[in-house]
Amino acid sequence: MAVMQGETTAIVLGGKAPKRSKLPKTANGWIALVFKAIVGLIFIVAALFPLAWMVIAGFKSKTEVVQTPFQFFPEVWRWENYAQIIADPTFALTMGWTFLGAVLFTVLSLTVNSLAAYAFARLDFRFKRTLWVAVITTMFIPGMTILLTSFIVVTRLSMLDTLAVLIIPGAASAGSVFFIRQFYLNIPASLEEAAMLDGCGRFGIFWRMFLPLSKPPFVVMGITAFLAYWNSYVWPIMTITSPDKFVVQQYLATFRSERSTELGLLMAGSVLAAAPVVILFLIFQRQIIGNIKMAGLK
């Protein structure tokens, strides 16, 4: 009773109630805590080891990368690997071209999928349920099964070896439409009705109300679209033949086949190619984790 009265007094006076210690109070509790810490540390090391090795391998010579017995750190740190790959104009062009395509793909994907999500969430039209089922069904079709059909379509549309062939075919995504639609369904209908009473049309409601509120799903779906474009490999090698239009994964694959002995240089290029993705995640990690928690609570 004295403890409860003390906590109540602190709250009434504007102070904070003392926090309860989360440390275990028994031997079994400490054993469980240490076990969890060890398991977590093992998972962290297993997840970060390949990335750390790739970064370190970028400082090795071409023979040290594959030497036996295995040696994690190089005998001599060779900074020229990173300097050489950065100075390569083809690599710089490929990185810039890939970044431009990823940004355009992300913007187009968010635009198309958010408009479709708004239509399925807020509009009433004929065959809406049937169309929605058709859209959701496409989520269960593996992308590899329609590669040949998609290639035939873009060939007849004369889109091969252009930036459009990398951006347009994959912009619409049933998963993104579903995710954004679920968010739009939670926006109160009273806001939309009030806007209609003020004379705002459907597009105005979407532009002035739904888009400003769409930051949570846009962050998650935008990063997903960016990563999908940045890491794409199969579709680009089928549709892009000009070296000056290669995406970064094509460049690395070509580099590996043409200069397979220069593994240190290849590791340096792989690290630089992965850097934008890592930086993007570090910038938006709080929003990503927060949105995942919010989706879980809903």
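**Close-up views of a predicted model**

**View 1. D124 pairs with K128.** D124 and K128 form a salt bridge, with their closest N and O atoms 3.9 Å apart. A salt bridge here is a side-chain nitrogen of Lys or Arg within 4 Å of a carboxyl oxygen of Asp or Glu. D124 is exposed, at 74% relative accessibility. Exposed means over 50% relative accessible area, buried means under 20%, and partly exposed lies in between (1.4 Å probe, protein chains only). This is a predicted model: local features need pLDDT of at least 70, side-chain atom pairs count only at pLDDT 80 or more, and totals for chains, interfaces and linings use all residues. Residues are numbered from 1 along each chain as its sequence is written, and side-chain values use heavy atoms, without hydrogens and water.

**View 2. R122 meets E192.** The closest N and O atoms of this salt bridge are 3.4 Å apart. R122 lies in helix 4 and E192 in helix 9 (residues 189-197), so the pair ties together parts that are 70 residues apart in sequence. Helices are DSSP runs (H or I, at least four residues), numbered from the N terminus. R122 is buried, at 14% relative accessible area. E192 is buried too, at 6%. Salt bridges with shared partners join R122, E192 and R202 into one network.

**View 3. R78 pairs with E80.** Their salt bridge has its closest N and O atoms 3.8 Å apart. R78 is partly exposed, with a relative accessible area of 30%. E80 is partly exposed as well, at 41%. The structure holds four salt bridges.

**View 4. The largest pocket.** About 1,200 Å³ of space lies here. A pocket is an open set of points on a 1 Å grid over the protein atoms alone, where a 1.4 Å probe fits, with protein on both sides within 12 Å along at least five of seven lines; lining residues have an atom within 4 Å of a point. The lining has 40 residues, and I146, P169, G170, A171 and A172 lie nearest the centre. By class, 29 are nonpolar, 11 are polar and none is charged. Nonpolar covers Ala, Val, Leu, Ile, Met, Phe, Trp, Tyr, Cys and Pro; charged covers Asp, Glu, Lys and Arg; the others, Gly among them, are polar.

**View 5. The second largest pocket.** This pocket holds about 240 Å³ of space. Its lining has 13 residues, with Q249, L252, R256, S270 and A273 nearest the centre. Helix 14 gives the most, with six residues.

Key:
Grid points are joined across faces, edges and corners, and a volume is the space filled by probe spheres set on the points. Helices (H or I, at least four residues) and strands (E, at least two) are DSSP runs, numbered from the N terminus.
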